[in-house]
Amino acid sequence: MSELETSPVDRRRRIGVVALSCLAISIIGLLLADQNSAWPAAALRISIVLGSLWLCLPTAQRPAAWARLTRGRLAVIVLITVFINRLKFLLPALLIVGIAAWLIRPKKKR
(Lines give C-alpha, C1' and ligand atoms only; values in the text may rest on other atoms or scores of the structure.)
Protein backbone atom coordinates (compact mmCIF):
# COMPACT_ATOMS: atom_id res chain seq x y z
CA MET A 1 0.00 0.00 0.00
CA SER A 2 1.53 3.30 -1.02
CA GLU A 3 0.57 6.55 0.58
CA LEU A 4 0.89 9.84 -1.21
CA GLU A 5 3.37 12.20 0.34
CA THR A 6 1.80 15.49 1.30
CA SER A 7 3.73 18.69 1.67
CA PRO A 8 3.82 20.52 4.99
CA VAL A 9 1.77 23.33 3.46
CA ASP A 10 -0.97 20.84 2.53
CA ARG A 11 -0.91 19.40 6.05
CA ARG A 12 -1.19 22.91 7.46
CA ARG A 13 -4.19 23.61 5.25
CA ARG A 14 -5.90 20.39 6.34
CA ILE A 15 -5.32 21.10 10.02
CA GLY A 16 -6.75 24.60 9.54
CA VAL A 17 -9.89 23.20 7.93
CA VAL A 18 -10.36 20.68 10.75
CA ALA A 19 -9.78 23.38 13.37
CA LEU A 20 -12.37 25.66 11.77
CA SER A 21 -14.88 22.84 11.46
CA CYS A 22 -14.40 21.90 15.13
CA LEU A 23 -14.90 25.55 16.04
CA ALA A 24 -18.11 25.70 14.01
CA ILE A 25 -19.37 22.47 15.59
CA SER A 26 -18.62 23.80 19.06
CA ILE A 27 -20.44 27.10 18.40
CA ILE A 28 -23.47 25.28 17.03
CA GLY A 29 -23.35 22.86 19.96
CA LEU A 30 -23.10 25.65 22.50
CA LEU A 31 -26.13 27.34 20.98
CA LEU A 32 -28.30 24.26 20.52
CA ALA A 33 -27.23 21.69 23.13
CA ASP A 34 -28.25 21.64 26.75
CA GLN A 35 -26.04 23.14 29.44
CA ASN A 36 -24.71 19.80 30.70
CA SER A 37 -23.43 18.59 27.33
CA ALA A 38 -19.69 17.99 27.18
CA TRP A 39 -19.40 17.69 23.39
CA PRO A 40 -19.39 21.40 22.52
CA ALA A 41 -16.76 22.10 25.16
CA ALA A 42 -14.61 19.23 23.91
CA ALA A 43 -14.92 20.43 20.31
CA LEU A 44 -13.95 23.94 21.40
CA ARG A 45 -10.85 22.68 23.20
CA ILE A 46 -9.84 20.55 20.23
CA SER A 47 -10.27 23.51 17.89
CA ILE A 48 -8.05 25.66 20.13
CA VAL A 49 -5.31 23.02 20.18
CA LEU A 50 -5.52 22.45 16.42
CA GLY A 51 -5.50 26.20 15.84
CA SER A 52 -2.31 26.60 17.82
CA LEU A 53 -0.76 23.68 15.92
CA TRP A 54 -1.85 25.35 12.67
CA LEU A 55 0.03 28.50 13.70
CA CYS A 56 3.22 26.52 14.37
CA LEU A 57 3.33 24.60 11.11
CA PRO A 58 5.47 25.87 8.23
CA THR A 59 4.14 27.95 5.38
CA ALA A 60 5.58 28.41 1.91
CA GLN A 61 7.56 31.47 3.09
CA ARG A 62 8.75 30.49 6.57
CA PRO A 63 9.97 27.30 8.25
CA ALA A 64 8.27 25.63 11.17
CA ALA A 65 8.18 27.47 14.48
CA TRP A 66 10.43 24.87 16.12
CA ALA A 67 13.05 24.88 13.35
CA ARG A 68 15.41 27.08 15.38
CA LEU A 69 14.77 25.36 18.70
CA THR A 70 18.06 24.07 20.12
CA ARG A 71 18.52 21.68 23.01
CA GLY A 72 19.58 24.52 25.27
CA ARG A 73 16.49 26.58 24.52
CA LEU A 74 14.30 23.53 25.03
CA ALA A 75 15.93 22.87 28.40
CA VAL A 76 15.32 26.47 29.48
CA ILE A 77 11.67 26.28 28.41
CA VAL A 78 11.17 23.04 30.33
CA LEU A 79 12.84 24.45 33.46
CA ILE A 80 10.75 27.60 33.29
CA THR A 81 7.50 25.66 32.97
CA VAL A 82 8.43 23.33 35.83
CA PHE A 83 9.56 26.01 38.27
CA ILE A 84 7.26 28.92 37.36
CA ASN A 85 4.77 28.16 40.15
CA ARG A 86 7.50 27.98 42.76
CA LEU A 87 9.15 31.21 41.66
CA LYS A 88 6.12 33.47 41.31
CA PHE A 89 7.37 35.78 44.02
CA LEU A 90 10.59 36.35 42.01
CA LEU A 91 8.86 37.31 38.75
CA PRO A 92 8.71 41.07 39.42
CA ALA A 93 12.41 41.12 40.34
CA LEU A 94 13.30 39.06 37.26
CA LEU A 95 11.26 41.40 35.08
CA ILE A 96 13.07 44.45 36.47
CA VAL A 97 16.48 42.79 36.01
CA GLY A 98 15.56 41.79 32.45
CA ILE A 99 14.48 45.32 31.54
CA ALA A 100 17.62 46.78 33.11
CA ALA A 101 19.83 44.29 31.24
CA TRP A 102 18.08 45.16 27.99
CA LEU A 103 18.57 48.89 28.58
CA ILE A 104 22.28 48.70 29.47
CA ARG A 105 23.28 46.19 26.77
CA PRO A 106 25.90 47.32 24.29
CA LYS A 107 24.39 49.00 21.27
CA LYS A 108 25.16 47.75 17.77
CA LYS A 109 27.34 50.05 15.73
CA ARG A 110 25.89 51.18 12.42
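Ala65 is partly exposed, with a relative accessible area of 49%, and its place is the loop between α2 and α3 (71-83). The structure is a predicted model.

- Twelve residues separate Ala65 from Leu53 along the chain, and their C-alpha atoms are 9.8 Å apart.
- Lys108 lies in the segment after α4 (91-103).
- With a relative accessible area of 80%, Lys108 is exposed.
- Between Lys108 and Ser26 there are 82 residues in sequence, and the C-alpha to C-alpha separation is 50 Å.

**Helix α1**

- The 25 residues of α1 should span 36 Å at 1.5 Å a residue, and the 36 Å between its end C-alpha atoms agrees with this.

**Helix α2**

- Helix α2 covers residues 39-56, and its 18 residues should span 26 Å at 1.5 Å a residue; the distance between its end C-alpha atoms is 26 Å, in agreement.
- Pro40, Ala43, Ser47 and Leu50 are the buried residues of α2.
- Viewed down the helix axis, the buried residues of α2 fall within an arc of 90°, and therefore they line one face of the helix.
- These buried residues pack against α1.
- On the face of α2 turned away from its buried side are the exposed residues Arg45, Ile48, Val49 and Leu55.

- The whole structure contains one salt bridge.
- The partners are Arg13 and Asp10, whose closest N and O atoms are 3.0 Å apart.
- Both Arg13 and Asp10 belong to helix α1 (residues 8-32), where they are three residues apart, about one turn of the helix.
- An α-helix has 3.6 residues a turn, so residues three or four places apart point the same way.
- Asp10 has a relative accessibility of 30% and therefore counts as partly exposed.
- Arg12 is also in helix α1.
- Arg12 is buried yet has no salt bridge, and the nearest side chain of opposite charge, that of Asp10, is 11 Å away.
- With its neighbours within four places in sequence left aside, Arg12 is in contact with Trp54, Leu55, Leu57, Pro58, Thr59 and Arg62.
- Of these contacts of Arg12, Leu55 is one of the exposed residues on the face of α2 turned away from its buried side.

**Cysteines**

- A disulfide is a covalent bond between the sulfur atoms of two cysteines.
- The structure has zero disulfides.
- Cys22 is in no disulfide, and the nearest cysteine sulfur, that of Cys56, lies 17 Å away.
- The cut-off for a disulfide is a pair of cysteine sulfur atoms within 2.5 Å, and the 17 Å from the sulfur of Cys56 to the closest cysteine sulfur, in Cys22, is therefore too far for a bond.
- Cys22 is buried, with a relative accessible area of 15%, whereas Cys56 counts as partly exposed at 29% relative accessibility.

Key:
Residues are numbered from 1 along each chain as its sequence is written. This is a predicted model: local features need pLDDT of at least 70, side-chain atom pairs count only at pLDDT 80 or more; totals for chains, interfaces and linings use all residues. Side-chain values use heavy atoms; hydrogens and water are left out. Buried means under 20% relative accessible area, exposed over 50%, partly exposed in between (1.4 Å probe, protein chains only). A salt bridge is a side-chain nitrogen of Lys or Arg within 4 Å of a carboxyl oxygen of Asp or Glu. Helices (H or I, at least four residues) and strands (E, at least two) are DSSP runs, numbered from the N terminus. Lys and Arg count as positive and Asp and Glu as negative; His and the chain ends are not counted. Contact means heavy atoms within 4.5 Å. The expected span of a helix is 1.5 Å times one less than its number of residues. The arc is that of the directions from the helix axis to the C-beta atoms.
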